[in-house]
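I opened this entry to record what I looked up on strand pairing and nonpolar cores. The structure comes first, and my notes follow.

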Amino acid sequence: MTTYSWTGPGGWTSNLQNPTRSNATLAMAGTYTLTVTGANGCTGSASTNVAVNSKPVATASSNSPVCEGSTIQLTGGPNGMTTYSWTGPGGWTSNLQNPTRSNATLAMAGTYRLTVTNGGCTSNPVTTSVVVDICGAALDPAEKSVELLIDADHSGVASPGDTLRYTVIVWNEGTLDATGVVFNDTPDPNTILVWGTVTTTKGTVTIGNNNGDTWISVDVGTLLANSLETVRITFDVTIRDPLLYPATYVENQGVFTLLEGPPVLTDDPTTPPDDDPTDEPLGPKKAPSRVPTFPSVYLGIAAALGAGILAYSIRRRLVDQK
Ligand SMILES: [Ca+2]
Ligand SMILES: [Ca+2]
């Protein structure tokens, strides 16, 4: 009968023909010797050398925080690995050791994960967090909504003679203060600014609340960085009756100017495009209705009937009700 006798590092032995050692450690590396004894008692020996590679330890870092529009630089380690495998926000992947992402957006912020392989061994994943900031002053969202404030003809839609109210909301979500902020707005030519209706929660109304003003200017002043202090500006317009020219809507867009960046147009929050004018559909003016009323009731005692019952002669007439 043939027997097998293995010896190996750390006093390891086995009598199997083909033994295994699971969960390899560096201490298991070295010379393994097999001695085979045949049925006749003769023996023979042979040796083999086993190498155990260490598991690579990945490192990941970045140049975070970065400004929106700049380049994200990721740095992977250690050097000289067989492969580098990065994953990031939005399904992004790269096999470079030190990949970059140019024109950074807010959607590129988040966790980036790196795994490296070397000599057939794979590292545990490591992560690095990337922050993308809006740098500078950033007035947002500059939303301008519109509502039918007075539906003078009860038509249910905006029409000549009605009054609309516009509401504008803005804040600064940038990393720098916005200074010298001014809001200017000129209503649609088919509308007339209602003097005295311009309000602001910050700063002063310089044009719009005096008789004869045809447009609006609000000196907002300074909006602090990242303060998210919300400024609300409102004003009313009446729709001309009759219109200056035929139209199916009235349109309005204001603009914020500031010292730290380009002007910011207002946006209609109900439509997908950014920075578009706020439109209100126009319907025809509803004709006055004629309804029966009893403004003048002529009571006349025509006759006394029976046991004191009075008969009234009532004349009903139609009158305009505006
Ligand atoms: Ca109406
Ligand atoms: Ca819009």
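**Strand pairing and cores**

The model I consulted is a predicted one. Within this pairing, I noted Ile216 in S21 as the bridge partner of Asp185.

I then turned to S17 and S24, which pair in the antiparallel sense over four bridges. Here I recorded that Val182 stands opposite Thr257 in S24.

Next I examined the nonpolar cores. The largest has 29 residues, and Leu139 and Phe256 have the most contacts inside it. I listed the strands that each supply at least two residues of this core: S15 (139-150), S16 (163-172), S17 (178-185), S21 (216-223), S22 (231-239) and S24 (254-258). S22 gives the most, with five residues.

Which residues does Leu139 touch, not counting those up to four places away in sequence? I found Val170, Asn172, Ala178, Phe256, Leu258 and Val264.

I also noted another core, apart from the largest one, with 14 residues; among them are Ala58, Ala104, Ala109 and Val132.

Finally, I looked up an open sheet of three strands, whose order is S5-S7-S10 with antiparallel pairing. Its edge strands are S5 (59-62) and S10 (100-101), each of which pairs on one side only. For S7 (residues 72-77) and S10, I recorded antiparallel pairing over two bridges. Ile72 stands opposite Arg101 in S10.

Methods: Residues are numbered from 1 along each chain as its sequence is written. Chains are lettered from A and ligands numbered from 1 in the order in which they are written. This is a predicted model: local features need pLDDT of at least 70, side-chain atom pairs count only at pLDDT 80 or more; totals for chains, interfaces and linings use all residues. A nonpolar core is a set of buried Ala, Val, Leu, Ile, Met, Phe, Trp, Tyr and Cys residues joined through C-beta atoms within 7 Å. A residue is buried if 20 or more other C-beta atoms lie within 10 Å of its own, exposed if 12 or fewer, and partly exposed in between; C-beta atoms are placed from the backbone. Two residues are in contact if their C-beta atoms, placed from the backbone, lie within 7 Å. Two strands pair if DSSP finds at least two bridges between them.
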